[in-house]
Amino acid sequence: MRTIILLTVLLALPDDVYAWGHDGHKLVCAIAERYLTDEGKLFTNRVNAQGEFLKDGVLSFPESCLWPDKVRYTTRKDSYEHHFINIPISANSVNLGRDCAALTCLPAGIQRSIVYLASSAVGQREMGRQAAALRYLGHFIGDLHQPLHVIDDWGGNKIKVTWFGKETNLHAVWDSGIIAKSGLSYPESLEFLSAVKVRPGAVDLVRWLNDSFHLVRNNAYRHPNGKVVSSGDKLGKAYLDGNKPLVIEQLALAGQRLAAIINATAIGKPPLLLINW
Ligand SMILES: [Zn+2]
């Protein structure tokens, strides 16, 4: 009975609670799988199949990356703030002392996941934490590359717009609107996205945050003519054409960067000290 109630609640939640939408998150983790080394693959398969999750059966890695959004309002409320960071829209760049002062924000969630993954888990409890950490890492690296997850201003959720004639909000346009209109579904677009040439660079959470932040200021919050997007605006083909290449690049970058972190962690060289607060 409880399961039925929970399922009903989950199904009734609006789309915008699912960052990057289901397709976006699954694509990021599936692209990452393509870039895993042999050690990275072994590590992912081992961790994914251990701990408390085993009783639900082993999910594929892309499927497991949806889990953090399913539990953030229920059994893992403490992880809620790890899905975003509030960089003021009026700022020039991220300042972790200002934007993540209480150490509960997206990069803190990523760093914490890596620490758990790198630890030698002994016993069911720790192995369960490690399996959860892999799911969180896959999900949060996706969130970081959805630009509207790095700004205050409610992540654009309160900017009500019409998207191809349908009422929605700016956050949802970036979570799933552009992806859907671009035909970037999972698994159909996986081949294409895995082959996109990008420059993932070295693991650098601050740089990645700033890149996402600048995408908000210069692209997500701007019409193609440069005017600022505000509530009541209509967004359609011109906005889609301008931003589709950016979404493609962000998905490819997220997947390849996620793989780089897992590959390094798998050989005992986790990128641990990513941030100096
Ligand atoms: Zn999320």
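Predicted model: local features only at pLDDT ≥ 70, side-chain atom pairs only at ≥ 80, totals over all residues.
Biologist: How many helices and strands does the protein chain have?

Modeller: Helices (H or I, at least four residues) and strands (E, at least two) are DSSP runs, numbered from the N terminus. In the protein chain there are twelve helices and three strands.

Biologist: What span should helix α12 have?

Modeller: The expected span of a helix is 1.5 Å times one less than its number of residues. Helix α12 (residues 237–266) has 30 residues and should span 44 Å; the C-alpha atoms at its ends are 43 Å apart, which agrees.

Biologist: Where does α12 bend?

Modeller: The bend at a residue is the angle between axes fitted to the seven residues ending there and the seven starting there. For α12 the bend is about 40 degrees at Asn 243, with a proline, Pro 245, following within four residues.

Biologist: At what angle do the axes of α3 and α12 cross?

Modeller: Axes are lines fitted to C-alpha atoms, for helices over the stretch in contact, and angles run from 0 to 180 degrees between N-to-C directions. The axes of α3 (residues 38–48) and α12 come within 8 Å and cross at roughly 85 degrees. Angles under 35 degrees count as roughly parallel, over 145 as roughly antiparallel, 65 to 115 as roughly perpendicular and the rest as oblique. The two helices, α3 and α12, are therefore roughly perpendicular to each other.

Biologist: Which residues of α3 and α12 meet?

Modeller: Two residues are in contact if their C-beta atoms, placed from the backbone, lie within 7 Å. From α3, Glu 39, Gly 40, Phe 43 and Thr 44 meet Ala 259, Ile 262, Asn 263, Thr 265 and Ala 266 of α12.

Biologist: Is α2 largely enclosed or open, and why?

Modeller: A residue is buried if 20 or more other C-beta atoms lie within 10 Å of its own, exposed if 12 or fewer, and partly exposed in between, with C-beta atoms placed from the backbone. Because twelve of the 14 residues of α2 are buried, this helix is largely enclosed by the rest of the structure. Among them are His 25, Leu 27 and Cys 29. The buried residues of α2 pack against α4, α8 (123–144), α9, α10 and α12. Over the protein chain, buried residues make up 43% of the 277 residues.

Biologist: Which residues other than glycine have a positive phi?

Modeller: Most residues other than glycine have a negative phi, and most peptide bonds are trans. Leu 103, in the loop between α6 (96–99) and α7 (106–118), has a positive phi near 60 degrees. Leu 103 is partly exposed, with 14 other C-beta atoms within 10 Å. Phe 164, in the loop between β1 (160–163) and β2 (166–169), has a positive phi of about 50 degrees. With 15 C-beta neighbours inside 10 Å, Phe 164 is also partly exposed.

Biologist: Which residues does a cis peptide bond join?

Modeller: Tyr 186 and Pro 187 are joined by a cis peptide bond, with omega about 5 degrees. Pro 187 lies in the loop between α9 (170–181) and α10 (190–194).

Methods:
Residues numbered from 1 in each chain as written.
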